[in-house]
Amino acid sequence: MERSFTHLIRRNSVFVVILLAFPPVSLLLLRTGWFYSDTLVTTGIFFILVMGLDLLYGYAGQLSLGHQGFFAIGAYTVAILAKQLGTSPWLGALAALGVNLLLAVSLGRILLRLTGLYFMLGTLAFGIMVQAIITVWHPVTGGDAGLGGIPRPRLGGGPLTSELAYGTLVWVIAFVLFWAALNLARARVGRALRAIRGDEVSAAASGIYVRRLKTSAFGVSAGYASVAGSLFAAYFGAVHPENFSLSALLEILLMLFLGGEGTIWGGLLGAGLLRLLPEVSGPFHAYKILFSGVVFTLILFLLPKGLAGGIIQLVSR
């Protein structure tokens, strides 16, 4: 019993270290004024989103440029059901998850026949199409005005109105999904996905069901984006098409590559730094897209494996 527990801790040492370090580091950042409570909450939301994208790209080698579409569907489903039917955010989130999983599996069977640039363009078209629909479908989505009046989820008899209560919910969900993603990546499925990323033909020759695994990874990734979108809508109480634009896509990709793809935990570094960036960028805030583009270019040249890759290399030395 003791040996199996020790083995479990060693196998998930990254998770344990981050879980233990998170509370004191968060308190320190909040006390120093570098982080505000809303920055900490949104970091958790985007960490969930980037984790899903990392499972798809970092392991299966499929870079989706349309994940803000699944993110938008997760957010708008919660908003529309709450506004039109008075549905609770919990039921809205479950409905959004079901819609996104069904859509991802259906879309994945088509798009995953494509490779490389063609797959990326196909997913990009999906993301643009979702934003176009929520922009022009005024009677349902509110169009350019967006939708407001989304309630916070209720837990223990009351709504989670305080930053502390909602932030705790976000980070509990984030750590549960973090545990699941790490174990999935280290299981036989994760090794098979890495084999697919290395060489699809060799992976298929060794008995791996390539298309089925890629479709499953696409679905799981969309599920993570859906959960993040639902949490995003309930936290801000309103959604707007601009939250899911190409600018949002660029920010999500920056989080992935800055943190380091193929590590899962790198998404936490990327999301934290990118959410902190508006607080320290100051005069560059008006030129957000240009500034993000410059940062993205510097990352690709100076940190090809991201911050997580640099830390792993430093520790191995």
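This is a predicted model: local features need pLDDT of at least 70, side-chain atom pairs count only at pLDDT 80 or more; totals for chains, interfaces and linings use all residues.

The largest nonpolar core has 89 residues, and the members that touch the most others in it are Ile45, Met51, Tyr166, Phe178, Val239 and Phe244. Helix H3, which covers residues 37-59, supplies the largest share of this core, with 14 residues.

Setting aside residues up to four places away in sequence, Phe244 touches Gln68, Phe71, Ala72, Ala75, Tyr76, Gln131, Ile134, Phe232 and Val239. Val239 is also on the list of core members that touch the most others.

Now move to helix H11, residues 210-236, where you will find Phe218. Is Phe218 buried or exposed? Its relative accessible area is 1%, so Phe218 counts as buried, the limit for that being under 20%. Beyond its neighbours within four places in sequence, Phe218 is in contact with Leu56, Ser64, His67, Phe70, Ala104, Leu107, Gly108, Leu112, Phe119 and Thr123. To get a sense of distance, look for Leu94: Phe218 and Leu94 are 124 residues apart in sequence, and their C-alpha atoms are 18 Å apart in space.

Finally, come out to the surface. Here Leu290, Val294, Leu298, Leu300, Phe301, Leu302 and Leu303 form a nonpolar patch, and together they have about 730 Å² of accessible area. One of these residues, Leu298, sits in helix H14, residues 288-302. Leu298 has a relative accessibility of 46%, so it counts as partly exposed, while Phe218 is buried.

Technical notes. Residues are numbered from 1 along each chain as its sequence is written. Side-chain values use heavy atoms; hydrogens and water are left out. A nonpolar core is a set of buried Ala, Val, Leu, Ile, Met, Phe, Trp, Tyr and Cys residues joined through side-chain atoms within 4.5 Å. Buried means under 20% relative accessible area, exposed over 50%, partly exposed in between (1.4 Å probe, protein chains only). Helices (H or I, at least four residues) and strands (E, at least two) are DSSP runs, numbered from the N terminus. Contact means heavy atoms within 4.5 Å. Patches are made of residues with over 30% relative accessible area and no salt bridge: like charges are joined within 9 Å, nonpolar side chains (Val, Leu, Ile, Met, Phe, Trp, Tyr) within 5 Å. Accessible areas come from the Shrake-Rupley method with a 1.4 Å probe; for residues, only the protein chains shown count as cover. A salt bridge is a side-chain nitrogen of Lys or Arg within 4 Å of a carboxyl oxygen of Asp or Glu.
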